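Please take a look at the model below.

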Amino acid sequence: MPQSHVVTISRFLVDQQRLHPEATGAFTSLLHDIALAAKLISREVTQAGLVDILGATEEENVHGEAVQKLDLYANQVMIRALDHTGLVACMASEESEGLIPIPDKFDAGDYVVIFDPLDGSSNIDVNVSIGTIFSIHRKRSEGDRGVLEDCLQPGRDQVAAGYIVYGSSTMLVYTSGAGVHGFTLDPSIGEFLLSHPLMRIPEPPKKVYSINEAYYARWSRAQQRLVTHLKTEADFGSRYIGSLVADIHRTLLQGGLFMYPADTKSPDGKLRLLYEAAPMAMIMDQAGGRASDGHRDIMSIEPESLHERTPLYVGSHEFVELAEKFLAEG
Ligand code: FDP
């Protein structure tokens, strides 16, 4: 069906900025820079099968996982898109152990950007959707440049969060606290076009749970009971891609419950609070859903370290509450 009008992400961001007369335009530019990085990463991801770029490098990231070449590329693209703009106070990334400072030769700004440049990277070689996740805070320390404490802020203090999913099409989904908006990349013109304004998790939701069920034996009794309940009594179906951005994107569009619980091997779960759980929590919250660590809201957790992990239960409000109820019963 022909569109009556086409809204590019640039146009949309400028229109949003106009709703806030006090805005300086810095935030609009920052999101614009992230959208540019997304296009560069998307180009490389879609060409990955064509060029000799696949396969792990010799290096390991700070979690001891094999780093794939595209991870390094995506990390560099994000850093280079943001470090020289004068908008960013400091950055942190899954691929870097410590804080990523803004080089002295560039001005620093007010925003702190934390990202996972290429999440789900074990899926690259098998052509499964992967993604970039970002979380934006305002610097709260006094100095000119950001410090670690600026990154260790709870999810509720995020000023924006989003992800890009590199799937059958590339989509950028973000919120700055006024709803969740999705843009699809039109590769023929190189523009993100508004395709999903004001996204809401469907009500009633699709009854789908998403978890790596192969870890069943490592779960707590309560977790085992929850999943048994969902499939035997509550009549749920199951979907698990094993790529967080893709699993969350499906959950946002259709409803359901995504879980990555604590288990005997990973007592704090596997997923990272600052650049996986917290940004997804803000998106879900803004879309009418919820995110929890099984006991408390992800948005309320005060982080203690950059790469801290958390169990994650995210998706439709009623399903996250159901999970919390089972876990509380022990
Ligand atoms: P990956 O290891 O491929 O990078 O946090 C990383 C992540 O993928 C998530 O994207 C995904 O949801 C999860 O790990 C999958 O973990 P399991 O293989 O343990 O299910």
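Strands are DSSP runs of E with at least two residues, and they are numbered from the N terminus. This numbering is used for a model that is predicted.

**Backbone details**

Take the loop between β10 (191-196) and β11 (208-210): P204 lies there. The peptide bond leading from E203 into P204 is cis. Its omega is near 5 degrees. N127 is not a glycine, yet its phi is positive, at about 60 degrees. Most residues other than glycine have a negative phi, and most peptide bonds are trans.

**The helix pair**

Two packed helices are described by the angle between their axes and the distance between the axes. Here the pair is α2 (residues 26-46) and α3 (residues 69-82). They pack at about 155 degrees, and their axes are 9 Å apart. Angles over 145 degrees count as roughly antiparallel, so α2 and α3 are roughly antiparallel to each other. Their crossing is right-handed.

Which residues make the contact? From α2 come L30, D33, I34, A37, L40, I41, R43, E44 and V45. From α3 come L70, Y73, A74, V77, M78, A81 and L82. Of the residues in this contact, 13 are nonpolar and three are charged. None is polar.

**F27 in α2**

F27 also has its place in helix α2. What does F27 touch, leaving aside its neighbours within four places in sequence? F27 is in contact with Y111, I136, V159, A160 and S176. V227 is another matter: F27 and V227 are 200 residues apart in sequence. In space, their C-alpha atoms are 41 Å apart.

**The ligand site**

How many residues surround the ligand? There are 15. The closest are D119, S122, Y215, Y240 and Y260. The table gives three distances to an oxygen atom of the ligand, from S121, S122 and Y215.

| Residue | Atom on the protein side | Distance to a ligand oxygen atom |
|---|---|---|
| S121 | polar backbone atom | 3.3 Å |
| S122 | polar side-chain atom | 2.5 Å |
| Y215 | N or O atom in the side chain | 2.7 Å |

S121 takes part through its backbone.

Notes: Residues numbered from 1 in each chain as written. Predicted model: local features only at pLDDT ≥ 70, side-chain atom pairs only at ≥ 80, totals over all residues. Heavy atoms only, no water. Axes fitted to C-alpha atoms, helices over the stretch in contact; angles between N-to-C directions. Helix = DSSP H or I, 4+ residues; strand = E, 2+ residues; numbered from the N terminus. Parallel < 35°, antiparallel > 145°, perpendicular 65-115°, else oblique. Left-handed = near helix turned anticlockwise from the far one by under 90°. Contact = heavy atoms within 4.5 Å. Nonpolar A, V, L, I, M, F, W, Y, C, P; charged D, E, K, R; others polar. Near = heavy atom within 4 Å. Polar contact = N/O pair within 3.5 Å; in protein donor to acceptor, adjacent residues only side chain to side chain.
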